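The sequence and the structure come before the discussion.

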Amino acid sequence: MSWFMAVFLGIVQGVTEFLPISSSGHLALFQSFGLEADSLLHERHIFFDVLLHMGTLAAVCIAYRQDIRDMCKSVFALVVPSRRSSVEDDPSAPTKVRLAFLLVLATLPLVLVIPFRHAIEALGNRMWFVGLMLLITGGFLFYSDKLAQGRRTERNMPVLAALFVGFSQAIGVVPGISRSGITITAGMMSGLDRGFAVRFSFLMSIPAILGANIVTLFGSLDTVDWSLMPLYIVGVIVAGVVGYFAIHLVKLLVKKGSFGKFAYYCWGIGIIAIITSIVQGIMG
């Protein structure tokens, strides 16, 4: 692995983790232009792949550090009576606890996906399918800008709305479907305030990213080439920095009602993927 590849993969991870453009769609494009998936994965290494995800996880935690700190403090005070006095004078404490509860509730649908994980991942090898899902993702994004501004936040978000957004996140594991795109759109469809829809989506990604990678992290330690650790660290830092700015870009675009502009990008990549798949099928 070269320094260039470490930086490049860090940028790709930071951009595709949060912008609604689907990392699996880009992998399909890499394959169509002759960069075989095996070659790419060999460069990334499983351990490095997990570290890159941890870099973008750190970006979310930094961007929403105040929310995370407030929720942890309020929940901890709720379960530890001796600390309850520390939040008794905070009128927003119940709201912070409620947000934590809604996030846990919205994460539960991911459990339903676990038995089908390998079958779903295999769909990423079918470029026409990934292209079709990218077209659908573009449709969600385009539709999101047509939705009226909602008013619901953590104070009055219904439980069913949290489950709806949670199920959309489960759908987001399908190759070609953007997790951030579908969850933010689902939030706005549920009447959430645009800013809160983004905030809820990214906070919800924390347990999803952590849960999906923590087991793989420990399982790959025995295959690590420790001599490459300096490159890994650079890639992780790049992923975190790029991911942090990607989060703020999404927040800005959603607030301005311009989230749907990503639809054209997804449609373009989706069409290219489908056409390339058809041509490859004809040429045999």
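Both Arg-199 and Asp-67 are buried, where buried stands for under 20% relative accessible area, exposed for over 50%, and partly exposed for values in between (1.4 Å probe, protein chains only). The model is a predicted one, in which local features need pLDDT of at least 70 and side-chain atom pairs count only at pLDDT 80 or more, while totals for chains, interfaces and linings use all residues. Residues are numbered from 1 along each chain as its sequence is written, and side-chain values use heavy atoms, with hydrogens and water left out.

Side chains of opposite charge can pair when their charged atoms come close. A salt bridge is taken here as a side-chain nitrogen of Lys or Arg within 4 Å of a carboxyl oxygen of Asp or Glu, and by this rule the count comes to 3 salt bridges.

| Salt bridge | N to O distance |
|---|---|
| Arg-199 and Asp-67 | 2.9 Å |
| Lys-96 and Asp-70 | 4.0 Å |
| Glu-154 and Arg-199 | 2.7 Å |

Arg-199 forms a salt bridge with Asp-67 at 2.9 Å between the closest N and O atoms. This pair links distant parts of the chain, with Arg-199 in helix α11 (residues 194–219) and Asp-67 in helix α5 (residues 65–79), 132 residues apart. Helices are DSSP runs of H or I with at least four residues, strands are runs of E with at least two, and both are numbered from the N terminus. Glu-154 and Arg-199 also meet in a salt bridge, at 2.7 Å from N to O. Here too distant parts of the chain are linked, since Glu-154 sits in the loop between α8 (127–144) and α9 (159–171) and Arg-199 in helix α11, 45 residues apart. Glu-154 is buried, as is Arg-199, and Asp-67, Glu-154 and Arg-199 are linked in a network of salt bridges.

The side chains of Lys-96 and Asp-70 form a salt bridge at 4.0 Å, N to O. Lys-96 lies in helix α6 (residues 93–107) and Asp-70 in helix α5, so the pair ties together parts that are 26 residues apart in sequence. Lys-96 counts as buried because its relative accessible area is 18%, and Asp-70 is likewise buried because its relative accessibility is 19%.

Rolling a probe the size of a water molecule over the atoms shows where empty space is left. On a 1 Å grid over the protein atoms alone, a pocket is an open set of points with protein on both sides within 12 Å along at least five of seven lines, and its lining residues have an atom within 4 Å of a point. The second largest pocket holds about 270 Å³ of space, the volume being the space filled by probe spheres set on the points, with grid points joined across faces, edges and corners. Its lining includes Ile-68, Met-71, Val-104, Thr-107, Leu-203 and Pro-207, and the elements giving two or more residues to this lining are α5, α6 and α11. By class, the lining of the second largest pocket has 10 nonpolar, 1 polar and no charged residues, where Ala, Val, Leu, Ile, Met, Phe, Trp, Tyr, Cys and Pro count as nonpolar, Asp, Glu, Lys and Arg as charged, and the others, Gly among them, as polar.

On the surface, Ile-271, Ile-275, Ile-278, Val-279, Ile-282 and Met-283 form a nonpolar patch with about 630 Å² of accessible area together. Such a patch is made of residues with over 30% relative accessible area and no salt bridge, nonpolar side chains (Val, Leu, Ile, Met, Phe, Trp, Tyr) being joined within 5 Å, and accessible areas come from the Shrake-Rupley method with a 1.4 Å probe. Val-279 belongs to helix α13 (residues 262–283) and counts as partly exposed because its relative accessible area is 39%.

Across the whole protein there are 13 helices and 0 strands, and 49% of the 284 residues count as buried. Gly-181 lies in helix α10 and is buried, with 2% relative accessibility. The C-alpha atoms of Gly-181 and Val-250 are separated by 9.7 Å, although these residues are 69 apart along the chain. Phe-259, in the loop between α12 (229–255) and α13, is buried at a relative accessible area of 0%, and its C-alpha atom is separated by 8.7 Å from that of Gly-181, 78 residues away along the chain.

Definitions and conventions
Patch = residues over 30% accessible without salt bridge, like charges linked within 9 Å, V, L, I, M, F, W, Y side chains within 5 Å. 1 Å grid on protein atoms, 1.4 Å probe; cavity = no way out; pocket = protein on both sides within 12 Å on 5 of 7 lines; lining within 4 Å.
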